[in-house]
Amino acid sequence: MADLSVQFLGKTIPNPFLLASAPPTAFGENIMRAFDQGWGGAVLKTLKPDGMVIEDARPRFAAVKDAGGNVYGFENFELVTKRSLSDWVHEIAEIKKRYPENLLVASIMGDSRGTWQEMTRRVQDAGADMVECNFSCPHGMPEKGVGMAIGQVPEITGEITSWVRDVCKVPLLIKLTPNVADPRVTCAAALDAGADGITAINTVQCLIGVDLETFKPKPVVEGYSSYGGYSGKAIKPIGLRVVSQVAGTMQARGMAPAVSGVGGIAAWEDAVEYMLVGSTTVQVCTEVMLKGYGIVGKLASGLSNYLDARGIGSPMDLVGRTLPWITSHEALSKESAVAARVDYESCTSCGACATACSDSGYGAISMNGDGSTPRVHINEQRCDGCGLCALVCRAGALAVCSH
Ligand SMILES: Cc1cc2nc3c(=O)[nH]c(=O)nc-3n(C[C@H](O)[C@H](O)[C@H](O)COP(=O)(O)O)c2cc1C
């Protein structure tokens, strides 16, 4: 196994894989069990002040499944922890005593300057390695003026970050919401106010579906539902976009990216993608909820094999490697001379490409032939090189190539 250790905001961690703030980190004893199985660190389920009343609805989860029955997108409207700050402080101390090498991040959500600062002091005094401010929960908490209600307003993000910064002696992360027009603005507000790094993303606000028989929105809670947070594989493209924007914002300020990437990581390949766009650590929630802590074995061996096969000495060497190739649309070449090409060996002559091109493209694909064996024909003069045909081809017989 390659050396998978990473340095994140001054701490060396055995590997970049962290449990995200969520049900898998709701109890100290579970976190320690996860560390035994190989997780490099964990972000505690968000802590709250003892005076904040938390009441969860039941059920609070729903899912979109693919044709094979696997969960592809996941909705929750779970709130922050219901457990007391004193219980948590005790558990932080116990975890750090037993697992000093693992990264323990305390996610917190206050409701006043006093509570933000008191929570920061108590978790750092108990031994938390870092503090992560949850400015991003999209359901329930914004109705109380916290969670995403903070992260959607740069001025409030900056103000609360500076309250926490004033007393925070350990590295300070701000967890951003993707539910904004431009996360670079919120990121800049957090950095200006003294944040050391960014965690991105929290869940994407959603309404996951409607029961066609009852007309009720899902998940149904005694006849009603509410907007929730979308997570799992479906949100990875949004997470990659936000992480790359945040990492780019840091680079533009002359900082090395200090980002913990999260959103739809289900396999080691996803983690590598997050690192390539600027994450140093990666967090996982939904995939652990569905498959358990044991997935860390495959995450670590997959990353190790990937590094070995390419002669890359450390996961740190992946961080941000893709960023130089992300540019504005205006800067993209409009001159590429490309057209669709078909591989007749694998083409099944199903005609899906011709239908797509005829109804949504440039009418460049036709099914020619003697009637019994239709054959794809591409008119390169008409083809605009958009790539739709290659996406609808189930046989992988089409590609967009240079003329
Ligand atoms: C059931 C559930 C509860 C969550 N609770 C929290 C929380 O308390 N604090 C927080 O910052 N994020 C919370 N999250 C968001 C996750 O930490 C993570 O940002 C999000 O789910 C995206 O990652 P994933 O696609 O790996 O699940 C929760 C997510 C889920 C699914």
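1. Start with proline 219, which sits in the loop between strand 11 and strand 12. In this predicted model, the peptide bond that joins lysine 218 to proline 219 is cis, with omega at about -10°.

2. Most residues other than glycine have a negative phi. Is phenylalanine 215 buried or exposed? With a relative accessible area of 68%, phenylalanine 215 counts as exposed.

3. Valine 210 belongs to the loop between strand 11 (204-206) and strand 12 (228-231) as well. Valine 210 is classed as partly exposed because its relative accessibility is 44%, which falls between the 20% limit for buried and the 50% limit for exposed. Together with Leu207 and Tyr227, Val210 makes up a nonpolar patch on the surface, and the three have about 300 Å² of accessible area together.

4. There is another cis bond to find, this time leading from alanine 200 to isoleucine 201, with omega near 15°. Isoleucine 201 is in the loop between strand 10 (197-200) and strand 11. For another positive phi, look at serine 349, where the angle is about 60° although the residue is not a glycine. Serine 349 is in the loop between strand 15 and helix 11 (352-360), and its relative accessible area of 27% makes it partly exposed.

5. Now step back to the whole protein. How many helices and strands does the protein have? There are 12 helices and 18 strands. The radius of gyration is 24 Å, close to the 22 Å that the globule rule gives for 403 residues, so the protein is as compact as a globular protein of that length. Along its principal axes, the C-alpha trace spans about 80 × 55 × 40 Å.

6. Buried residues account for 53% of the 403 residues. Of the contacts with a separation of 6 or more, 70% are between residues 24 or more positions apart. The protein exposes about 18300 Å², and carbon and sulfur atoms supply 51% of that area.

7. Strand 5 (residues 61-65) runs antiparallel to strand 6, and 5 bridges join the two. Within this pairing, alanine 63 stands opposite phenylalanine 74. Strand 5 and strand 6 form a hairpin with 5 residues between them, and glycine 69 in the turn has a positive phi of about 85°.

8. Strand 6 has a further partner. It is joined to strand 12 by 3 bridges, and these two strands run antiparallel. Asparagine 76 has glycine 229 in strand 12 as its bridge partner.

9. Next, the charged side chains. The model has 16 salt bridges. One of them links glutamate 78 with lysine 45, whose closest N and O atoms are 2.7 Å apart. Glutamate 78 lies in the loop between strand 6 and helix 2 (85-98), and lysine 45 in the loop between strand 4 (41-43) and strand 5, so the pair ties together parts that are 33 residues apart in sequence. Both residues are buried. Lys45 and Glu78 also belong to a network of salt bridges with Arg60.

10. What ties the loop between strand 6 and helix 2 to the loop between strand 4 and strand 5 a further time? Lysine 82 and aspartate 56 meet in a salt bridge at 2.5 Å, N to O. Lysine 82 lies in the former loop and aspartate 56 in the latter, so this pair connects parts that are 26 residues apart in sequence. Lysine 82 is partly exposed at 44% relative accessibility, whereas aspartate 56, at 10%, counts as buried.

11. Finally, glutamate 380 forms a salt bridge with arginine 341, with the closest N and O atoms 3.0 Å apart. This pair links distant parts of the chain, 39 residues apart: glutamate 380 is in the loop between strand 17 (375-378) and helix 12 (388-392), and arginine 341 is in strand 15 (residues 338-342). Glutamate 380 is partly exposed at 28% relative accessibility, and arginine 341 is partly exposed at 32%.

Terms used: Residues are numbered from 1 along each chain as its sequence is written. Side-chain values use heavy atoms; hydrogens and water are left out. Patches are made of residues with over 30% relative accessible area and no salt bridge: like charges are joined within 9 Å, nonpolar side chains (Val, Leu, Ile, Met, Phe, Trp, Tyr) within 5 Å. Accessible areas come from the Shrake-Rupley method with a 1.4 Å probe; for residues, only the protein chains shown count as cover. A salt bridge is a side-chain nitrogen of Lys or Arg within 4 Å of a carboxyl oxygen of Asp or Glu. Helices (H or I, at least four residues) and strands (E, at least two) are DSSP runs, numbered from the N terminus. Buried means under 20% relative accessible area, exposed over 50%, partly exposed in between (1.4 Å probe, protein chains only). The radius of gyration is taken over C-alpha atoms; the globule rule is 2.2 Å times the number of residues to the power 0.38. Contact means heavy atoms within 4.5 Å. Two strands pair if DSSP finds at least two bridges between them.
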